[in-house]
Amino acid sequence: MRPPLRKRGFCHVFGDDIPLDEGIMPFRFAIGRVTDPKELIPHLFAAIDAAFPQRVRHGDLILAGRNFACGKAHMQGFIAMEALGIGVLCGSMPYKAHRGAVGRGVPILTGCSGIGEFAATGDEIEVDFSTGEASNITRGTARRFPPIPEILGDIVARGGLKGSLAAWLAEHPEMRAPIAAQE
Amino acid sequence: MAGQTSVQKMLARAAGKARLEVGEVVYPDPELVILHDGYVETAYRELSGLGFGRIKNPERVVFVTDHEVAYGSPRAIDRGLNIRRIAKAWQVGHFFDVGRGGHGHLFPMEMGLVRPGMFLFAYDMHATNFGAIGALAMAMSTEITTVLATGSVWVPVPATIRVNLHGAWHAGAHGRDLGFLLAAGLKSGRWGVGGDYQVIEFGGAAVAGLATATRVALCNSVTEIGVANVLFPIAEFQSDADARYEAIIDIDLSTIEPQVALPGGPENAAPVSAAAGQRIDHAFIGACGSSMYDDFAAAAGVMRGRRVADGVRMFVVPGTVETAQRLATDGLSQVFMQAGAVMLPPGCGPCAGGLMAPLGPNEVSISTAATNHVGRFGSNEAKAYLGSPLTVAASAIAGRIVDPREMLAEL
């Protein structure tokens, strides 16, 4: 059974070209290689929306335009998003940022056009990432966006790369034994 | 249904599918998996930490030693010991220790380990070099651990930009010059495409006459802007006539003039005149984009019978053991040493983080390195320019950055 990839939460709407460094997360945390979500969460999106850290709730959704998470593909922002159970719907994302976010277990829909018309900050929405179906509960409207590719959906549902590797090992217990010990 | 591009065809074969569309995500089956000496320990630690006692398909795994070949610290000696232990524990199929092979983006092509048409995974981004012979090596960085553990990792099918080459080079122009210009044009959006996870596919009438070293120079120089890959497709995987490209770029080779990449990245291309006269302290020819035999033969043509300027230290780093042997046999090593240059062992040379022959604060370098971002080979306060082997050789002789055509004209 495929685990469900559905989220219901309040949305926070941002524009185009939101940078990873100094947009999603201050650059100093990337340089300092900070990976503790507790340290990172109070700074998430604060550079472009000072009230965000106070406003955000677990399971919320980020709606953004084109080129979301641009610049050097530092992962600190996605570490914070994963810890907060945040999902992302955006127009587009640079490849490395998208790949990194998937690896960290952040559910993302890319190729979402007209996101600004679909919802405003504060609206409550529900998104099924595996089908691309999204409904704006506050407004009583619905949209269909391109779904997350099946393979990526599986990785995200398992919590990213590490979770996927652990799951794979559980399905292939023979990989636990060194070769020499067995043969 | 539109035709397929080369990369669509190559990934389809590796994924066991009849055809693939751009954007589809697949788990392709690699023929080889290449890791360099800088990442073996980390991969082992991570997988052991997760409980993996073995890796999938160890017979396909290749360990290369090119980043630190002449251990400069106790840590490097220790790393070497660990790599040997890990190669044994995992029973990797191809282990190239210190002094064996050389640069992992070059010797596998020279010795026929990486072959035309092959699909493989690698750790390092400059594995795009293999596109020179029509092999497709997807660089996965840290996700190479997933490949080691499970045999594959997710790959989205990239879109393609076609670059058609025609015309003939003028003397003094080189593949690196065009590579820098392409990187700059893509980065600036000159052709309406940025290259982000797109494949640069070379074609056109002039391609057949390009040496492997020139193809490597082209593949290498556009890599850093974030392309998915670079390909000179072999006949079996040529794009269909109706394949869809993001852009088609036509280049007349006769318009290419010597370039430098200003400090900051290979995409900072400018005509040599933009930096001409800049005094230098350090020069080197080598690293994965410019260390095949032809690169050194071109440089030797400029340096023969001349001396490296006083105050300039110059390093020559053959990419592979085989190239080093050829340079010695053909007398080209002699040309470089008579000029006052230092021959370094095969591998990455200074480009691998300045572990060898680094730059000091406020020093200026011109080299054929793969990239020249801040601190790439030494001090953050140094300035590193890039140029072709010809431009680097001429500049080392002059003691300042010069257009190599000035010296070629004097020959």
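Residues are numbered from 1 along each chain as its sequence is written, and chains are lettered from A and ligands numbered from 1 in the order in which they are written. Because the model is predicted, local features need pLDDT of at least 70 and side-chain atom pairs count only at pLDDT 80 or more, while totals for chains, interfaces and linings use all residues; side-chain values use heavy atoms, with hydrogens and water left out.

**The interface**

Chain A gives 23 residues to the contact and chain B gives 26 residues, where contact means heavy atoms within 4.5 Å. About 2,300 Å² is buried between chain A and chain B, and carbon and sulfur atoms give 68% of that area. Buried area is the accessible area (1.4 Å probe) that two parts lose on being put together, summed over both. Arg99(A), Leu165(A) and Ile179(A) supply 30% of the area that chain A buries against chain B, more than any other three residues.

Arg99(A) also forms a salt bridge with Glu143(B), with the closest N and O atoms 2.8 Å apart. The rule (a side-chain nitrogen of Lys or Arg within 4 Å of a carboxyl oxygen of Asp or Glu) finds 1 salt bridge across the interface of chain A and chain B. Between the two chains, 7 residue pairs are in polar contact, both residues at pLDDT 80 or more. A polar contact is a pair of N or O atoms within 3.5 Å; within protein, one must be able to donate a hydrogen and the other to accept it, and residues adjacent in sequence count only if both atoms are side-chain atoms.

Helices H5 (95-103), H7 (150-157), H8 (161-171) and H9 (179-182) of chain A are the elements that give two or more residues to the side of chain A that touches chain B. H8(A) gives the largest share, 5 residues. Helices (H or I, at least four residues) and strands (E, at least two) are DSSP runs, numbered from the N terminus.

**Asp123(A)**

Asp123(A) lies in the loop between helix H6 (115-118) and strand E5 (124-128) of chain A. Asp123(A) is buried, with a relative accessible area of 9%; buried means under 20%, exposed over 50%, and partly exposed in between (1.4 Å probe, protein chains only). Its side chain makes polar contacts with the side chain of Asn136(A) at 3.0 Å and with the side chain of Arg139(A) at 3.2 Å.

**Aromatic pairs**

Over all chains there are 15 aromatic pairs. Rings of Phe, Tyr and Trp (its six-membered ring) pair if their centres lie within 6.5 Å; planes under 30 degrees apart count as stacked, over 60 as edge-to-face and the rest as tilted. Two of the pairs are tabulated.

| Pair | Centre distance | Plane angle | Class |
|---|---|---|---|
| Phe14(A) and Phe45(A) | 4.7 Å | 15° | stacked |
| Phe63(B) and Phe95(B) | 6.3 Å | 85° | edge-to-face |

Phe63(B) is buried, with a relative accessible area of 1%, whereas Phe95(B) is partly exposed at 29%.

**Helix H7 of chain B**

In helix H7 (residues 212-221) of chain B, 9 of its 10 residues are buried. Their cover includes helix H6 (175-187) and strand E8 (159-166) of chain B.
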